[in-house]
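This report goes through selected side-chain features of one protein chain. Please look at the sequence and the model first.

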Amino acid sequence: MIAFDPQSYPYPSRRMLSYAKNGMVATSQALAAQAGLEILRKGGNAVDAAIATAACLTVVEPTSNGIGGDNFAIVWFNGKIHGLNSSGPAPRQISIEALQERGYAEMPTHGVIPITVPGAPAGWVELWRRFGSLPLTDLLAPAIRYAEEGFPLSAVVGKYWNIASRKYQEKEPKALFQPWFDTFAPGGKAPQIGEIWRSPDHAATLRAIAETEGAAFYQGELAERIVAYVKEHGGYLSLGDLAEYQPEWVQPLSVSYRGYDVWELPPNGQGMVALMALNILKGLSIHEKESVTTYHQQIEAMKLAFADGLHYITEPGAMPVPAERLLSEEFAAQRRQMIGTTALQPTPGEPPKGGTVYLATADGDGNMVSFIQSNYMGFGSGVVIPGTGIAMQNRGHNFSLDPTAVNALKPGKRTYHTIIPGFLSKDGSALGPFGVMGGFMQPQGHVQVVMNLIDFHLNPQAALDAPRWQWLEGKKVAVEPHLFRDIAQALARMGHEIIPTLDGDSFGRGQIILRDPVTGILMGGTEPRCDSTIALW
């Protein structure tokens, strides 16, 4: 277990560290965490709890995820680690040429064009079939109940719900986005914080998914309604795209960082960016957290890793460089030499030849899940399938329409994906899941959390409380207001363009659960920047 130093953190913790023995669920919305705990108490395992929590989050936090999104998971079960990639590909009928003929110079953010095959329901079913112990109908029951009976909006969810409502009022064509208002702003008004919102259509869709083990979504009536609405408005998704979709079991990747194994999923996700940054940082002497040198080295390593990730990462079969070369010690040493005493303008290296929700669950038997799910950019594409409550994702926005780019749009291809779950182990034993959601902040949050735990010996709650920074582009770095002012000023003198910001959501939202391999005691931290909580038993 990591040795935590209670005297090493100069800020007062915003929340108390949580302990439990029989089970723990940590996520960004209290009702969803309670749904997972309900399943644990009924005899379900950590995977059952993760599925229940994820389904519930599509109801109680639709500002960040939905049934029409994607998910990824790292599962530690019976002493072995497993990875699931449930991200969907671009439609078979779409192409760069087809979009250019319609006048598109780049992938749009909203509407039917950036919609890719949703992987979320298939991910729930795949996890359940391999590891579930309770009926799928039991796992989705809490989500269905909240959708039917309603729930009061929590503070952060309510805030972003209203921001989305104002944004979609300006979108054209009005007819395309009207089902969003019918579902999420009934009567023309978005629900307010503390106000009850319900969605019987959402409940019916979840019930159909549960009763048919996902078949209704990918081959039945729901599939037909999705495709009909997308095609009506000029999109490319087909019945064949949905019927052919299958999640992929993958082997997680890891790097050894100061004696600990840090795990991420392989591409098409950006988890490798975090691993590449840690590979660079582990060759540097880092001892003090609140040091300008530490912050500078972290930022520079992150910039270099992102430059390489954005240049090389896409669908594995389309990557010009295999993952093992990007994670090699030789490449890390080459990139490490780029770090000097002033801020650099990042460029890709040459490897040697050769809007999201995160949740973590653990049960009393040592099984643990790191799970992330998203529609992207809040509600996603803004497209809601009438009468279903299904908000469709816009993951296709990350594709490039430059045919020479590594992440160029191609039919049936999965795009560079931002959502990534993380996991820690040591000497073959699981320590636990961790994650920080938030677009391109995610690998940056992973690196900062891992270093807070391992280098600076902060406990899980303090590791999440600590002020964060976010590299934006070039030499621009956003920092939270509680980062020491003298450090921010010193970074500016080194050439970093420091941008203070009060928008806590832009720095991600994380959860951590660690298990003591000797006692089995669970220790959890939850994000202070949102409505998050830990439900424990």
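## Cysteines

The sulfur of C530 lies 15 Å from the closest cysteine sulfur, that of C56, which is too far for a bond. Seen from C56, the closest cysteine sulfur is in C530, again 15 Å away and too far for a bond. A disulfide is defined here as a pair of cysteine sulfur atoms within 2.5 Å, and by this rule the count is 0 disulfides.

C56 has 0% relative accessibility and counts as buried. C530 is also buried, at 6%. Buried means under 20% relative accessible area, exposed means over 50%, and partly exposed lies in between, computed with a 1.4 Å probe on protein chains only.

## Basis of the model

The model is predicted: local features need pLDDT of at least 70, side-chain atom pairs count only at pLDDT 80 or more, and totals for chains, interfaces and linings use all residues. Residues are numbered from 1 along each chain as its sequence is written, and side-chain values use heavy atoms, with hydrogens and water left out.

## Nonpolar cores

A nonpolar core is a set of buried Ala, Val, Leu, Ile, Met, Phe, Trp, Tyr and Cys residues joined through side-chain atoms within 4.5 Å. The largest one has 89 residues, of which I51, V59, L140, W161, W180, I226 and L409 touch the most other members. Helix α2 (residues 46-60) gives the most to this core, 11 residues. Helices (H or I, at least four residues) and strands (E, at least two) are DSSP runs numbered from the N terminus.

A second, separate core holds 62 residues, including M302, A323, L326 and L491.

## Aromatic rings

Rings of Phe, Tyr and Trp (its six-membered ring) pair if their centres lie within 6.5 Å; planes under 30 degrees apart are stacked, over 60 edge-to-face, and the rest tilted. The structure holds 19 aromatic pairs. One of them joins F77 and F131, a tilted pair with 4.8 Å between centres and 40° between planes. This pair links distant parts of the chain, with F77 in strand β3 (residues 70-77) and F131 in helix α4 (residues 120-131), 54 residues apart. F77 is buried at 14% relative accessibility, and F131 is buried at 8%.

Y218 and Y245 form a stacked pair, 6.0 Å centre to centre with 25° between the planes. Y218 lies in helix α9 (residues 215-218) and Y245 in the loop between α11 (239-243) and β7 (248-250), so the pair ties together parts that are 27 residues apart in sequence. Y218 is buried at 7% relative accessibility, as is Y245 at 9%. Elsewhere, F151, W161, Y168, F177, W180, F181, F184, W197 and F379 form one aromatic cluster.

## Charges over rings

A charge sits over a ring if NZ of Lys or CZ of Arg is within 6 Å of the ring centre and within 35 degrees of the ring normal. R130 lies over the face of W249, 4.4 Å from the ring centre. The charged end of R145 sits over the ring of Y146, at 5.6 Å from its centre.

Contact means heavy atoms within 4.5 Å. Leaving out residues up to four places away in sequence, W180 touches W161, A164, S165, Y168, A185, F379, G382 and V384.

S64 lies in the loop between α2 and β3 and is buried, at 4% relative accessibility. Not counting residues up to four places away in sequence, S64 touches G355, T356, V357, Q373, S374, N375, G378 and R509.
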